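Student: Could you walk me through this one with a few questions and answers?
Tutor: Gladly, let's take a look together.

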Amino acid sequence: AQRQRAKEAPYMMGKLSSCHALHSHHRPIYHSRHLECPPMGLETMKIDDFQLHASTTKRYGLGAHRGRLNIQAGLYEDDLYDGAWCAGRDDPLQWFEVDARRLTKFTGVITQGRSSLWSSDWVTSYKVMVSNDSHTWVTIRNGSEDVIFRGNQEKEIPVRNILPTPMVARYIRVSPQSWFSSGNICMRVEILGCPLPDPNNYYRRRNEVITTDKLDFKHHSYKDMRQLMKVVNEMCPNITRIYNIGKSYNGLKLYAIEISDNPGEHEAGEPEFRYTAGSHGNEVLGRELLLLLMQFMCMEYLSGNPRIRHLVEETRIHLLPSVNPDGYEKAFEGSELSGWSLGRWSSNGIDIHHNFPDLNTILWEAEAKKWTPRKTSNHHIPIPEWYLSNNASVAVETRALITWMEKIPFVLGGNLQGGELVVTFPYDKTRTQGVTRESTPTPDDHVFRWLAFSYSSTHRRMTDASQRVCHTENFAKEDGTINGASWHTAAGSMNDFSYLHTNCFELSMYVGCDKFPHESELPEEWENNRESLLVFMEQVHRGIKGVVRDAQGRGIPNATISVEGINHDIRTAADGDYWRLLNPGEYRVTARAQGYGLTSKKCEVGYEMGTSTCDFTIGRTNLSRIKEIMERFNKQPIRLPHSNKQLQAPRSRERRQGTS
């Protein structure tokens with residue numbers, strides 16, 4: 001059987017590559033029309049700070065190292081992290097320079113204005129010059145005249161200019177000629193260029209990442225995505241199933257793929273895991289990573305990879321690559337030119353990731369009134385009625401996600417996002433009102449930190465001390481993880497809702513500085529994230545699991561599992577089975593259910609991978625039996641008048657006997 005799978009693997013790769021060729025006409029205009037060269041990597045940080053230079057600088061926070069396409073400024077501008085390179089003087093002698101460190105065929109320039117809430121600065125026209133030694137410069141000309149390239153008309157929408165003729169050189173300069181009349185010379189830049197072959201180049205060898213996985217490395221439109229999922233399903237029909245959880249605002253189906261040795265049904269004792277991506281439609285790397293992951297798992301399963309086989313056979317895995325397909329289609333049209341926000345929201349303008357009901361406030365107010373756990377539970381907090389009404393500002397995509405989350409007993413989940421390199425964990429909302437940043441841990445903070453670190457520590461770049469910050473935050477010094485509320489407060493996040501309304505522990509993985517990396521970057525990004533994606537999935541098997549049964553051996557659904565010292569309970573699934581994520585240690589665990597008694601025992605979690613089994617048997621209470629009998633007789637006393645007559649009869653007989 002293994003030999004047969006090994007024979008099938010090349011055939012499978014061929015099907016994937018044919019799928020790639022068949023649908024290549026669906027690529028973005030950028031990739032199909034201008035095949036000359038991809039972005040060099042100012043936005044992705046492939047070009048490091050030492051390769052960027054400028055004529056003058058207004059201050060350090062506006063230095064050449066900040067002149068990267070789509071770089072974001074902080075909320076409050078400071079001297080370290082501002083949103084562009086800004087010249088120290090406003091005159092046509094200023095320039096911004098990139099050292100490619102090797103001969104490169106330059107084909108174009110993309111520019112933006114300054115990212116700022118307070119300033120309006122952008123360059124409206126510029127010249128381009130190239131050099132081999134940074135001393136002698138040649139200005140790009142069209143015939144006998146210098147070319148004046150048209151720049152930006154506002155600060156956010158990128159503008160691309162293609163050189164009339166590709167130029168081979170090591171250095172390239174952008175020299176502003178005019179700028180917004182009420183602003184200053186400020187730019188964010190990306191250079192389009194192809195490094196020429198040079199096997200002896202030290203910098204190229206040091207930074208080069210090559211993958212050996214034969215996968216479909218391209219950007220997939222909605223039609224491409226659907227076709228690729230179909231191909232994977234056809235290759236691995238015994239372990240995959242495609243289904244949809246609902247539709248987008250524009251009617252596109254939200255497709256998911258299930259990977260399991262028994263697809264289509266929940267198996268008692270087998271945990272459910274999910275990855276989602278694309279809730280912000282313009283953050284496309286997560287979407288492509290999940291499409292690569294499903295291909296990889298299918299191929300590795302067929303080839304007999306024991307790690308993948310164990311994951312598939314012991315876990316029910318769900319991958320939902322595009323939560324917001326409407327937003328993606330909008331961002332897909334612009335590709336490199338989509339800016340920072342185009343396609344982020346749903347078609348009716350809603351941020352899906354932060355569109356869930358705010359259950360934090362309900363819980364915290366109940367805690368302040370000391371209503372927990374008697375009046376208000378510390379888990380499975382119900383959705384408020386106002387949120388369920390038809391006129392509530394709730395995206396159809398969000399409603400579909402909630403129905404999905406309630407239907408399947410997920411244990412662990414990760415939603416892939418973009419624009420940063422960090423893993424965030426709940427709570428995402430600050431407990432103190434009016435505070436924008438404040439550490440707000442859950443009762444399971446130590447578990448969440450473990451889960452977050454399992455992803456960040458196995459990522460190729462998240463914990464690299466030499467990794468330059470994407471925008472304004474140095475997350476590497478915090479091991480590439482952060483409590484969401486410590487970063488910025490957000491009410492109604494998917495992570496907080498998942499923790500408070502379901503059993504699922506949900507985290508966010510921000511998988512790259514560039515929200516829409518060029519197609520040529522996808523193999524490297526896959527290598528950056530592949531091990532992390534697998535390791536995080538494996539964490540679903542850390543903690544305790546078991547079944548809560550009654551005296552007859554039947555599973556009890558909705559039984560409550562409590563861990564001493566952790567003020568957050570979970571509930572059993574329909575078959576009475578449960579999974580409780582816990583760090584290594586010894587715990588006193590209690591199982592209880594309505595109409596039943598309670599029982600406690602010590603459960604131990606080891607350091608080795610694999611969940612510890614901790615089953616419970618609980619008996620019915622006398623009160624519950626009485627209630628059952630009462631309900632059977634419509635809660636009326638059982639033949640009370642007849643009983644009274646029976647009780648009175650002996651007394652009358654006694655009286656008669658006494659008088660006789």
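Student: How many cavities of 30 Å³ or more does the count come to?
Tutor: This is a predicted model, where local features need pLDDT of at least 70, side-chain atom pairs count only at pLDDT 80 or more, and totals for chains, interfaces and linings use all residues. Residues are numbered from 1 along each chain as its sequence is written, and side-chain values use heavy atoms, with hydrogens and water left out. A cavity is a set of points, on a 1 Å grid over the protein atoms alone, where a 1.4 Å probe fits but cannot get out, and its volume is the space filled by probe spheres set on points joined across faces, edges and corners. By this rule, the cavities of 30 Å³ or more number five.

Student: How much space lies in the largest cavity?
Tutor: Its lining, meaning residues with an atom within 4 Å of a point, includes Arg461, Met462 and Phe475. By class, that lining has six nonpolar, two polar and four charged residues. The space in the largest cavity is about 80 Å³.

Student: Which residue in β23 is the bridge partner of Thr560?
Tutor: Strands β20 (residues 560–563) and β23 (residues 585–592) pair in the antiparallel sense over four bridges. In β23, the partner of Thr560 is Arg592.

How values were computed. Two strands pair if DSSP finds at least two bridges between them. Helices (H or I, at least four residues) and strands (E, at least two) are DSSP runs, numbered from the N terminus. On a 1 Å grid over the protein atoms alone, a cavity is a set of points where a 1.4 Å probe fits but cannot get out, and a pocket is an open set with protein on both sides within 12 Å along at least five of seven lines; lining residues have an atom within 4 Å of a point. Ala, Val, Leu, Ile, Met, Phe, Trp, Tyr, Cys and Pro count as nonpolar, Asp, Glu, Lys and Arg as charged, and the others, Gly among them, as polar.
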